[in-house]
Amino acid sequence: MTDAKTLDFSTFQNVINNQLTTTSETRHGINPANTQPNPPVPVSTQDELDKAVNAGQDAFKGWAKTSFDERRKALHAWADAIEANADGFAQTLTMEQGKPLSQSSAEVGMATMWVRGLTAIQITDNTIEETEDRKIIQRYTPLGVVGLIVPWNFPILLAVGKIVSAVYTGNTVILKPSPFTPYCNLKLAELAINFFPPGVIQCLSGDESLGPLFTAHPRIQKISFTGSIATGKRVMAACATTLKRFTLELGGNDPAIICEDVDIDAIIPKIGILSYLCSSQICMMIKRLYVHENIYDEFLDKLVTFVKTLKVGQGTEADTFFGPVQNQMQFEKAKDLFSTIGTENLKAALGGSIENTSGYFIHPAIIDNPPETSRVVQEEPFAPILPVLKWSDEDDVLERANALETGLGSSVWSKDFERATRMADRLQSGCVWVNSHFDVAPNVPFGGQKQSGMGVEWGLDGLLAYCNSQTQWLKKSF
């Protein structure tokens, strides 16, 4: 008999009230490395969602009364079980998302680190006033049933970050994976059956019609959404009809500013990887690279040389760095953006074409000093095409870096720490790094400015976003 905590990664079902269920209609994702169908998954409807909401509401009555210690213990046991199934999760993630196995394994490892990091944060009552006659405190109470809408680029880490934040603060959750990557999310919820009461952690696979059912449901108290700006606006509008709480983590077009005093050889490998990890399908990758004119030519040549060493191939092959982009929709968008190299007369220092293969493979491109108005600068590509732009004046490059409607992340690279932090202070983004990019941690809030999102995930502020603030005025006499 197989241990219930050892997952079978060959069949995939919904998790409703700690029961594995399926639907009369099924669908399947596509393996982006070979465009072959992955296993069938349920297509959930209003009926499945209503059942899950009912179970979540019933579970909430008891779960909200548990202590942080009890919730932490259950979440840690779940994290241990994820680690015990790490190989299966990594292989399944590569199958459905396309990223190399090394990057899939890193994502699984980060997910368990997030469980332990988020649950190490203490949430305590805030005593505002205390006299002989009265006490005023601010306390934090859970919201109820929370809907978690997860994207296809980091389905394990982003699902786990949302689940833990909500469940640790006393809520119950219904997870909605991306239709492109439902497999690992369904298995995360299946594994949770061993550690949580029925209805605390549920997961529904569906097609594009399921998200709007979540946002419209009157008994879901909050939506946490990670995805595109366009969809985020629709989520926000839909939440307004029932005054749902929401957190939106949306797209970015991150600038990185390279000053003339950097050690070029030391930072080229870092810049190359931080521009192209996951085939650039990360909202916080470097998407616009501003290099000082005094070092521009040498920097560009060495960046091209480095990126050429990064292998393109199936994620299951050894040493692969660039897997395929995740889906045909993204592949077609990338092809359209690559076509502007010709139509806008841009100069490609590397790459610039997309081959037709059996999978959604795109070789990396580097665009040499395109105009600010070009689409490769203005649009978030979510594909491996990187514009490298010259700058000379500090005020000018900061203005260019801040010019777009996005404001997720940005970075400054310089040996002059005082100068770099002075420049960083003027960047308009939710995360700003000096001499790094894409550093994240479970105890550090993460979110965007401008159209890159509303609210934050992670850190104390991220946890409190899953709570109501309640002020209690406690008088000892009339």
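The legends below walk through several close-up views of one predicted model.

Because the model is predicted, local features need pLDDT of at least 70 and side-chain atom pairs count only at pLDDT 80 or more, while totals for chains, interfaces and linings use all residues. Residues are numbered from 1 along each chain as its sequence is written, and side-chain values use heavy atoms, with hydrogens and water left out.

**View 1. The largest pocket holds about 1,200 Å³ of space.**
Here a pocket is an open set of points on a 1 Å grid over the protein atoms alone, with protein on both sides within 12 Å along at least five of seven lines; lining residues have an atom within 4 Å of a point. Grid points are joined across faces, edges and corners, and a volume is the space filled by probe spheres set on the points. Look for Phe225, Gly227, Ser228, Ile229 and Thr231, which lie nearest the centre among the 44 lining residues. Helix 8 (229-240) is one of the elements that supply at least two residues of this lining, and others include helix 7 (210-216), strand 10 (222-226) and helix 11 (328-343). Helix 8 gives the largest share, 6 residues. Helices (H or I, at least four residues) and strands (E, at least two) are DSSP runs, numbered from the N terminus. By type, the lining has 20 nonpolar, 14 polar and 10 charged residues. In this count Ala, Val, Leu, Ile, Met, Phe, Trp, Tyr, Cys and Pro are nonpolar, Asp, Glu, Lys and Arg are charged, and the others, Gly among them, are polar.

**View 2. The second largest pocket has a volume of about 210 Å³.**
Its lining is made of 14 residues, with Phe68, Arg139, Tyr140, Thr141 and Pro142 nearest the centre. Helix 2 (68-84) and strand 6 (134-142) each supply at least two of the lining residues, and strand 6 gives the most, with 4. The lining divides into 6 nonpolar, 5 polar and 3 charged residues.

Strand 13 (residues 286-292) and strand 18 (residues 385-391) pair in the parallel sense over 4 bridges, where two strands pair if DSSP finds at least two bridges between them. His292 stands opposite Trp391 of strand 18.

**View 3. Trp114 and Trp458 meet edge-to-face.**
This is a view of aromatic pairs, of which a search of the whole structure finds 11. The ring centres of Trp114 and Trp458 are 5.2 Å apart and their planes stand at 75°. Rings of Phe, Tyr and Trp (its six-membered ring) pair if their centres lie within 6.5 Å; planes under 30 degrees apart count as stacked, over 60 as edge-to-face and the rest as tilted. Trp114 belongs to helix 4 (residues 101-118) and Trp458 to the loop between strand 23 (453-454) and helix 15 (459-464), so the pair ties together parts 344 residues apart in sequence. Trp114 is buried at 1% relative accessibility, and Trp458 is buried at 5%. Buried means under 20% relative accessible area, exposed over 50%, and partly exposed in between (1.4 Å probe, protein chains only).

**View 4. Trp152 and Phe382 form an edge-to-face pair.**
Their ring centres are 5.6 Å apart, with 80° between the planes. Trp152 sits in the loop between strand 7 (145-149) and helix 5 (155-168), and Phe382 in the loop between helix 12 and strand 18, so the pair ties together parts 230 residues apart in sequence. Trp152 is buried, with a relative accessible area of 11%, and Phe382 is buried too, at 14%.

**View 5. About 110 Å³ of space lies in the largest cavity.**
A cavity is a set of grid points where a 1.4 Å probe fits but cannot get out. The structure holds 4 cavities of 30 Å³ or more. Trp458 returns here as one of the lining residues of the largest cavity, which also include Phe154, Leu157, Glu249 and Phe446. This lining divides into 10 nonpolar, 1 polar and 1 charged residue.
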